[in-house]
Each structure stands twice: as structure tokens, then as C-alpha cells.
Amino acid sequence: MRFSIFLNARSMRPEEDRKLMKDLEAHALRASEKGFSAIFMPDHHFNGYMPVASDSFIFAAYLAAKMPHMHFGFSVVSVPLHHPVRLVERVNILDQLTDGKVLVGVGSGTTPEEMIGFGVNYQEASPLAERNLEIAEALWSKQMDDPAVIIDNGPHQGRVLQRIAPAPFRSRPRLMPVAMKEASMRRAAENGWPAFIPAFTPPNIGGTEPFVHVKKYFDAYHAALTATGHSQAVVDEALSWTTHTYQAVHVAETDDQAREELEVILKAYQEAIDREAEFNARAESDAANKKTDRTANALSEDWIGTWCLYGSPETVIEHLRPYRDLGIGNILCGTTTGPLSEQRLAFANQTVDLLSDKVFPALEIGALQAAD
């Protein structure tokens, strides 16, 4: 089992943007020194999210120069918002700069407010994403003398005559679909890619029995992956990065302390979400951008049960053992969830330190790092 951190902090006002970026850099360096395997970043726009999420490929490249041994991931790239040429170019450059240590989560997006800023209708996001990924595959395959790749996909248009430069480090960069929809799960399995394993089944985005959903989606993905005829090395590599995500991870010396501090974190996070609700409502004013699902309040037991990992080191270890035994390869930890105040950053560093010092040894993380 690997551990990675998710830099998912919010800035509440423009004058906080720069400090947040520097604090995230320092937090990522701390995680790198403490034995975490990867740094993951979101892809979000306009909605008061992390300032570097508007182009997290740039931030990843900046961090990669400081931490050349680390992997860098994206959870997840909203594919309909990216012209396929620019997506392939960014992925290829980062794949080269990191010697192939890139994990590009891909999905259709979750927020209508982001869609309208790029001229995309929320209701059309899923087919746009599927077609953009097909075009990206054609661009990765195209040689100089091949026929032009025609791009005709909603707001994304073009005709590529030559090839994409640079070529990727790998013949194909590793994408990471979410193993929820059948097509996404099979795309990951057939290509020998890792996948994100969800802990809920829509339309309910929450609940207090996450492992039931994780096992369902993991078993389906694992069966498809092992049935494709890949070599054992490819299967093992894919499983080693197959990821289960916690939006908020908080570890303290005792369970009571962890719960008390988690509620402080989630209260600030929910206040940020509530502030954004007005703009989301404006985006959903027409049927083409109306969401069909809603996420529970972050302080509810349903949200905490699905999206949070918290407690003393001993409690966290016991919680994670079934996931390790199932075969989950990577635990993605939202260590900076919410507005990144000084207190929040201290909580984040506390969590990184306790995970590294007390949780990793119990789950044999050091042995995995040595093997890498």
C-alpha cells in the first residue's frame, strides 16, 4: 500500500492566493521527505478552489523539479474542459520531465459553474469526455506521415497535420479512469492502467458503509484487469497505483482529539462550500447545466463516513487493513481540505507526521518505498 497527498486546499480571497501556493509547496516537500509516494492535485476553475488548480500541470512541473523522485497525479482532470491537443501536450511534457512518473486521473467533471466558463453544457459533459479521450488516443498514436487527426467535438475543433511534440516518456502516459461506469472501468483494465475506486454508488454521494462500495468496484476492475492477458508486471504496476481517495484525512494522538479537530476542519470547509453555492445556482439556471445529484453536508455522518479518514494512528491502521488486504494500492489523503489557515496547515503537517511515523511502519510502507 502506498500513500499520496492531495493538495485540495481553498483560498478565500485574492490576497491569500500566493501564501497558499507557497504553503502547499512546503507541505508537499514535507510529505516527500516523510515517505509519501506521490503528490496529487485537482483540476478546478472559477469556484474558489485552490489557486493552482486552474492549471495544476504547471504546479506539478514546478514541484517535480524540486522532488524528482516523486510521482505526480491529478484527481481528476475534467476532460471536457481541455482541448485534446493541449491536454496531450501538457501530459507529454510532464511525462518527460518526470521520467514517466505521471498519473492522470480523467473524468467528465462535477461542477456546472466550471462548464459554462469553457462553453460546455453540463448535460453534455460525459459524451464530450469520451470523445476527447478517443481523440487523445489518436494524437498519441499519430506519426508524421499519418493522415490528419480531425477534431470536431463540441467547443473543441481542429485538424492536426503533424505529430504532437514532445512524444511522451512512455508509449502511452498512464491515465487513471474512475472505475464507476462500465466504460471507464474497462478502459483502465484494457490499457493496464490503475483506476480510482469509489466509495459510493450514485445518486447517493455518501454513506456509512464505504467499504461495501469499494469492494464492489475494485472486484469488477480487478477481474477485468486480470482477464485481459497483460503480463503480471503490468497487472502488479496497475494495482500498486489503484487508488482510494479520502477528501479529508486527519490523524491525532487520540480518537477524541482527531474527531474534535476534524470537526473544526469540516466546519471551515462547509462554510467555503456554502459561499460558493450562490455561483453554482447561477450556473444551474438553465436545464442544460442542472445537476442531478447533491453531496451531503460535510458535517453529516454520511459525508464523514464516505470521505473522511480520521482517528489515532491505531484506529487509522485498523481502518486501512481491510483496504490493503483487498488490494488497494494507493491511499490518497486530502491533508489540506478547506481554507488553508495557519491552524489548518498545522493540522495537515501533524497528519503527515503521524502517518509517516506511526501508520506507515504498521502497514510496511517503508518496505514498499525501498523496493521502488
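Where does Asp 99 lie? Asp 99 is in the loop between helix H3 (84-97) and strand E5 (102-107). This is a predicted model.

**Backbone geometry**
- Asp 99 has phi near 55°, a positive value in a residue other than glycine.
- Ser 75 and Val 76 are joined by a cis peptide bond, with omega about -20°.
- Val 76 belongs to strand E4, which covers residues 71-78.
- A cis peptide bond also runs from Pro 202 to Pro 203, and its omega is near 10°.
- Pro 203 sits in the loop between helix H6 (182-191) and H7.

**Arg 174**
- Arg 174 is part of strand E8, residues 174-177.
- Is Arg 174 buried or exposed? Its relative accessibility is 5%, so Arg 174 counts as buried; the cut-off for buried is under 20%.
- The Arg 174 side chain comes to 3.1 Å from the backbone oxygen of Gly 100.
- Leaving aside residues up to four places away in sequence, Arg 174 touches His 71, Gly 100, Lys 101, Val 102, Leu 103, Val 104, Trp 193, Glu 237 and Trp 241.
- Among these contacts of Arg 174 is His 71, a position within the residue range of strand E4 (71-78).

**Cysteines**
- How many disulfides does the whole structure hold? A search finds zero.
- A disulfide needs the two sulfur atoms within 2.5 Å.
- Cys 308 is buried, at a relative accessible area of 5%.
- Cys 333 is buried too, at 0% relative accessibility.

**Helices H7 and H11**
- Helix H7 spans residues 210-226, and helix H11 spans residues 313-326.
- The two helices pack with their axes 11 Å apart, at an angle of about 10°.
- Angles under 35 degrees count as roughly parallel, and H7 and H11 are therefore roughly parallel to each other.
- The H7 and H11 crossing is right-handed.
- On the H7 side, the residues that meet H11 are Pro 210, Phe 211, Val 214, Lys 215, Phe 218 and Asp 219.
- On the H11 side, they meet Pro 322, Tyr 323 and Leu 326.

Notes
Residues numbered from 1 in each chain as written. Predicted model: local features only at pLDDT ≥ 70, side-chain atom pairs only at ≥ 80, totals over all residues. Heavy atoms only, no water. Helix = DSSP H or I, 4+ residues; strand = E, 2+ residues; numbered from the N terminus. Buried < 20%, exposed > 50% of the residue type's maximum accessible area, 1.4 Å probe, protein only. Polar contact = N/O pair within 3.5 Å; in protein donor to acceptor, adjacent residues only side chain to side chain. Contact = heavy atoms within 4.5 Å. Axes fitted to C-alpha atoms, helices over the stretch in contact; angles between N-to-C directions. Parallel < 35°, antiparallel > 145°, perpendicular 65-115°, else oblique. Left-handed = near helix turned anticlockwise from the far one by under 90°.
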